[in-house]
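Biologist: I'd like to learn how to read a protein model, one feature at a time. Can we go through one together?

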Amino acid sequence: GKSSFRHLIYPVPEPGGLGVHATIDWGGVGIKFGPDVEWLKPGTGPDEISYNPDPRRGDKFYGEIRKYWPDLPSGSLGVDYV
């Protein structure tokens, strides 16, 4: 569908990252939001890191995105990549 934005959106940075921002997919697919930051416990080894998306983190995305897009429809986000 038609994009709700015509430019990139970068909210005020948060500790460790730029916040959940909007980037436009110029291929016409839509808008991508992210990233968020997840800190690892000290001493976490490479074999302990999961690169599988955790869909439970979506609630944070809805809250952050609605700060600049209050009309974001519930259920409209999908997990893409880690």
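Biologist: Is Phe33 buried or exposed?

Modeller: Buried means under 20% relative accessible area, exposed means over 50%, and partly exposed is in between, using a 1.4 Å probe and protein chains only. Phe33 has a relative accessible area of 18%, so it counts as buried. Before we go on, this is a predicted model, where local features need pLDDT of at least 70 and side-chain atom pairs count only at pLDDT 80 or more, while totals for chains, interfaces and linings use all residues. Residues are numbered from 1 along each chain as its sequence is written, and side-chain values use heavy atoms, leaving out hydrogens and water.

Biologist: Got it. How many aromatic pairs does the structure hold?

Modeller: A pair of aromatic rings is described by the distance of the centres and the angle of the planes. Rings of Phe, Tyr and Trp (its six-membered ring) pair if their centres lie within 6.5 Å; planes under 30 degrees apart are stacked, over 60 edge-to-face, and the rest tilted. Here there is one aromatic pair. Phe33 and Trp69 have ring centres 6.1 Å apart and planes at 25 degrees, so they are stacked. Phe33 sits in strand S2 and Trp69 in the segment after H1, 36 residues apart, so this pair links distant parts of the chain. Trp69 is buried too, with a relative accessible area of 19%.

Biologist: Which residues of H1 are buried?

Modeller: Phe61, Tyr62 and Ile65. Taking the directions from the helix axis to the C-beta atoms, they cover an arc of only 100 degrees, which puts them on the same side of H1. The buried residues of H1 pack against S2, where contact means heavy atoms within 4.5 Å.

Biologist: What does His21 touch?

Modeller: His21 lies in strand S1, residues 21-25, and is buried at 8% relative accessible area. Leaving aside residues up to four places away in sequence, His21 touches Ile9, Tyr10, Pro11, Lys32, Phe33, Gly34, Pro35 and Tyr68.

Biologist: Now the charged ones. How many salt bridges does the structure hold?

Modeller: Side chains of opposite charge can pair when their charged atoms come close. A salt bridge needs a side-chain nitrogen of Lys or Arg within 4 Å of a carboxyl oxygen of Asp or Glu. The structure holds three. One of them joins Arg57 and Glu38, with the closest N and O atoms 3.4 Å apart. Both residues lie in the loop between S2 (30-34) and H1, so the pair ties together parts that are 19 residues apart in sequence. Arg57 is partly exposed at 25%, whereas Glu38 is exposed at 56%.

Biologist: And the others?

Modeller: Arg56 pairs with Asp54, the closest N and O atoms being 3.0 Å apart. Glu64 pairs with Lys67 at 3.2 Å between the closest N and O atoms, and Lys67 is exposed at 62%.

Conventions:
Helices (H or I, at least four residues) and strands (E, at least two) are DSSP runs, numbered from the N terminus.
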